Amino acid sequence: MSELRVLTGARGVAAWFVVLYHVRVTFPALPVQALLAKGYLAVDFFFLLSGFVIWLAWHDRIREPGAVAVFLRKRVARIWPLHLAMLAFACLLALSLRATGRDDPAFPFAELPLHLLLVQNWGFTQALAWNDPAWSISAEAAAYLLFPPLVLATDWRRLSTPALLTVAAAILLALHLAMRGEPTLGSDIPRFGVLRCLAEFTVGGIVCALWLRRPAAALRPALLAAALFAALLAGAPETLVVPAALAAALLALAATADRRGNPLERPLFHRLGEISYATYLCHFLLWKAWKLAFVTAEVAPIHLATYLLAVLIASSLLYDRIEVPAQAWLNGVRVRPRVRRPARPPAPR
């Protein structure tokens with residue numbers, strides 16, 4: 001099935017929500033500080049969205065002979081090359097700091113092999129390190145390994161809609177009970193990160209199965225999402241209501257796909273969605289480098305604007321020069337260079 005542009009655009013917005021979450025403390029004048037403080041929840045949306053799009057693309061294909069190996073190769077090609085590039089940048093930054101006598105505990109060389117293999121968040125470490133946002137990529141890698149046996153064992157299409165809703169609710173309730181006592185979904189990521197990903201990734205697949213049944217129904221999930229977010233504001237536990245609210249919001253968004261006038265389908269948001277993985281992986285290390293560069297300078301709005309522009313440019317370059325070519329190479333796809341056609345001469349008057 002073709003790409004749902006509205007979800008690509010939503011992914012781009014979510015990536016920038018994470019960026020602003022990480023810079024909010026340095027720039028207290030940024031508006032909606034309370035909202036930005038919840039920016040880590042965009043990662044939960046990513047997990048749900050990932051489960052949705054992967055189930056959409058692979059729930060039938062994964063049963064074909066040899067499809068599991070192809071699926072895993074494509075997932076490695078999707079996430080690992082850019083992760084490796086950003087890890088190399090982190091190593092350069094760490095070595096530069098060490099050369100100037102400024103060792104940073106955020107760069108533990110003993111843990112570097114775990115990060116190279118993308119298993120750093122599988123219970124092997126006690127704290128986020130190197131490129132902090134990559135913890136979620138490590139968790140996604142675990143979800144990719146789970147996906148083939150899950151689909152081969154359970155076909156969501158054979159369950160009724162009430163049964164699917166019950167299974168999704170049970171999975172999210174189990175996540176809440178596992179995190180019982182934790183104030184937020186972002187608490188103790190080394191301990192709960194993989195569980196958080198696996199639960200939401202699985203529910204994302206269920207949301208896709210529901211969407212394939214009634215792709216035009218947007219009002220009910222939108223109202224459910226609004227009610228759950230209202231419950232959060234009223235004091236309901238974040239670990240209980242937010243994953244369900246985001247799942248309902250995802251279903252409502254998917255139901256608006258291909259409808260005219262949806263701003264998330266416009267070229268600007270689509271481009272932001274295309275480069276969102278690069279934005280997500282590069283912004284944290286660029287932020288660290290930016291803070292080192294401006295450590296003695298007064299923090300001013302121009303510094304924020306410069307940083308955000310740098311993230312945007314870097315994201316686009318990383319996507320075009322590393323992410324896409326490396327993914328094509330690992331998948332055995334020959335990428336033809338873009339040839340610009342000469343401009344047509346003006347028509348005679």
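The charged end of R75 sits over the ring of Y144, 4.9 Å from the ring centre. Y144 belongs to one aromatic cluster together with W58, F71, F147 and F201. The model is predicted; its mean pLDDT is 89, and 91% of the residues reach 70 or more. Residues 342–349 have pLDDT below 50, and this stretch makes zero contacts in the model beyond near neighbours in sequence. Where pLDDT is low, the predicted coordinates should not be read in detail.

**Aromatic pairs**

- The structure holds 13 aromatic pairs.
- One of them is F52 with W211: the ring centres are 5.8 Å apart and the planes stand at 55°, so this pair is tilted.
- F52 in helix α3 (residues 41–58) and W211 in helix α8 (residues 189–213) are 159 residues apart, and their pair links distant parts of the chain.
- F52 and W211 are both buried.
- W58 and F71 have ring centres 5.2 Å apart and planes at 75°, which makes the pair edge-to-face.
- W58 is in helix α3 and F71 in helix α4 (residues 67–99), so their pair ties together parts 13 residues apart in sequence.
- W58 and F71 are buried.

**Charge over W58**

- R61 lies over the face of W58, 3.9 Å from the ring centre.

**E238**

- E238 is found in helix α10, which spans residues 238–255.
- With a relative accessible area of 3%, E238 is buried.
- The E238 side chain reaches the backbone nitrogen of L185 at 2.8 Å.
- Leaving aside residues up to four places away in sequence, E238 touches K38, Y40, L41, P183, T184, L185, G186, L232 and P243.

Terms used: Residues are numbered from 1 along each chain as its sequence is written. This is a predicted model: local features need pLDDT of at least 70, side-chain atom pairs count only at pLDDT 80 or more; totals for chains, interfaces and linings use all residues. Side-chain values use heavy atoms; hydrogens and water are left out. pLDDT is the predictor's confidence in each residue, from 0 to 100. Contact means heavy atoms within 4.5 Å. Helices (H or I, at least four residues) and strands (E, at least two) are DSSP runs, numbered from the N terminus. Buried means under 20% relative accessible area, exposed over 50%, partly exposed in between (1.4 Å probe, protein chains only). A polar contact is a pair of N or O atoms within 3.5 Å; within protein, one must be able to donate a hydrogen and the other to accept it, and residues adjacent in sequence count only if both atoms are side-chain atoms. Rings of Phe, Tyr and Trp (its six-membered ring) pair if their centres lie within 6.5 Å; planes under 30 degrees apart count as stacked, over 60 as edge-to-face and the rest as tilted. A charge sits over a ring if NZ of Lys or CZ of Arg is within 6 Å of the ring centre and within 35 degrees of the ring normal.
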